Amino acid sequence: SRILSLTFLVLAAVLFSSALAFGQGAKAPAQQAPKVLVDFARKDVVPEPKTFVGTIKPLRKSIVGSAAPGRIEQFLINEGDFVTKGTPIAHLRRGVIGAEKKAAEAELKLREAELAEMADSWGDKVKQARAKLASTKAMLAFRESKRDRGKTLGTSAAREELEENIALTAQSQAIVEEATTAVRLLTQGPNQKLQPGHSGEAEMTAAGTWTYELAKAKISVQEAEVERLTEQYDRHTLLAPFDGYVTSEMTEVGQWVMQGDPVAEIAELKEVNVEIGVLEDYVARLDMGVVGDVEIPSLRGRRFEGKIATINPQADARSRTFPVKLRVPNEEHHKVPLLKAGMFARVTLGVGDPVAVPLVPKDAVVLNAKAPFVYVVDTDTKTGKSVARPVTITLGASRGLWISVGNGEIKEGEQ
């Protein structure tokens with residue numbers, strides 16, 4: 001059960017009035033001390049806080065490898081640089097593959113132009129060829145009629161004319177065959193043959209667009225070739241997989257790398273994980289999202305709030321501890337992350353046996369370089385006025401807007 005204590009905690013430091021010199025002997029008027037808010041400390045039964053040592057690790061990291069063999073032509077990053085997703089890290093030599101790509105693109109444009117020209121002129125060519133075929137057939141029919149009529153005449157002049165008509169008829173037949181072949185080449189495939197004088201116009205129309213479709217197929221093949229060469233060309237540029245900091249350089253300009261060889265390591269530090277090892281006696285008392293207090297000794301005891309993000313169900317066989325990660329938002333100072341991978345951390349979690357401990361509002365806690373403290377209000381027995389004094393505290397586990405402190409630091413009944 002909760003036991004309310006009578007201790008008042010000052011939420012902000014008491015401000016005292018001061019005088020500022022504006023000139024020789026001149027003083028600013030005294031300011032009235034502002035009012036401050038106080039709140040009651042309370043005592044509650046909470047799990048005893050336990051402290052675990054941990055290490056800061058990146059939210060994720062990636063060793064970027066080369067996607068193709070080649071020589072490093074440009075290395076564009078340095079350790080400590082911040083890179084965004086898709087930023088080029090390095091370029092391999094791309095002269096040969098670049099030339100092949102340009103040649104394939106030019107060939108594609110050429111075939112597309114040929115297809116466009118074919119689409120514009122094919123219909124007119126078919127009409128012209130069919131008109132010529134009709135004309136030659138009409139001329140052949142006229143020559144055959146004139147030849148047959150000459151056979152009925154028996155004069156010497158008629159015989160000479162008949163021989164001439166026979167020769168002209170043979171010539172007309174050859175012209176008809178030539179015109180028929182031209183129509184077939186425009187409207188049919190090479191394996192479909194049309195005999196001279198064939199009247200199957202519907203068959204020619206149905207066979208129609210073989211040459212045009214062949215040109216379209218060649219364009220599709222060339223498009224696939226351009227896509228293949230583009231993919232190979234892009235592999236010669238190595239890109240950052242996500243936003244992060246360069247933590248390691250693994251190559252340099254002029255070095256030959258094989259496919260899969262490491263080039264650089266990128267670590268994401270917008271948020272960090274604090275990894276701790278929790279004994280099996282306590283791990284069952286943890287849940288996802290539980291808030292823990294994270295202290296970084298190297299930052300003068302700076303404290304952060306972290307939430308449990310992962311609880312590994314596989315214990316370390318040697319230490320009998322379970323890896324637990326707390327997710328902590330990072331800060332940036334002068335374009336450098338405040339929390340860096342590898343830093344030492346202390347994490348406090350409420351995983352012990354239930355004990356009655358004092359709780360104070362988080363907003364009342366003052367953090368400084370030495371130790372956290374709160375202001376406690378006492379009443380002066382002589383003047384009856386309230387006086388604030390700092391009391392150093394030991395922070396424990398968080399509970400919402402409240403945080404536990406060490407027993408004996410804030411005594412019950414103390415004002």
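Predicted model: local features only at pLDDT ≥ 70, side-chain atom pairs only at ≥ 80, totals over all residues.
Me: What is the bridge partner of Gly70 in S10?
Reply: Strand S5 covers residues 70-75 and pairs with S10 in the antiparallel sense. Two bridges make up this pairing. For Gly70, the partner in S10 is Val257.

Me: How many residues of the lining of the largest pocket are charged?
Reply: The largest pocket has a volume of about 240 Å³. Strands S12 (291-296), S13 (302-311) and S20 (395-399) each supply at least two residues of its lining. Among the lining residues are Asp293, Arg303, Glu305 and Lys362. Asp, Glu, Lys and Arg count as charged, and beside six nonpolar and two polar residues the number of charged ones is four.

Me: Which strand gives the most to the lining of the second largest pocket?
Reply: This pocket has a volume of about 200 Å³. Its lining includes Phe82, Asn330 and Pro337, as well as Glu268, Leu269 and Lys270. Strands S9 (244-249) and S11 (262-279) each supply at least two lining residues. With three residues, the strand that gives the most is S11.

Me: How many residues of the lining of the second largest pocket are nonpolar?
Reply: Phe82, Tyr245, Leu269 and Pro337 are among the lining residues, and Phe, Tyr, Leu and Pro count as nonpolar. The lining also has two polar and five charged residues. The number of nonpolar residues is four.

Methods:
Residues numbered from 1 in each chain as written. Heavy atoms only, no water. Pairing = 2+ DSSP bridges. Helix = DSSP H or I, 4+ residues; strand = E, 2+ residues; numbered from the N terminus. 1 Å grid on protein atoms, 1.4 Å probe; cavity = no way out; pocket = protein on both sides within 12 Å on 5 of 7 lines; lining within 4 Å. Points joined across faces, edges and corners; volume = space filled by probe spheres on them.
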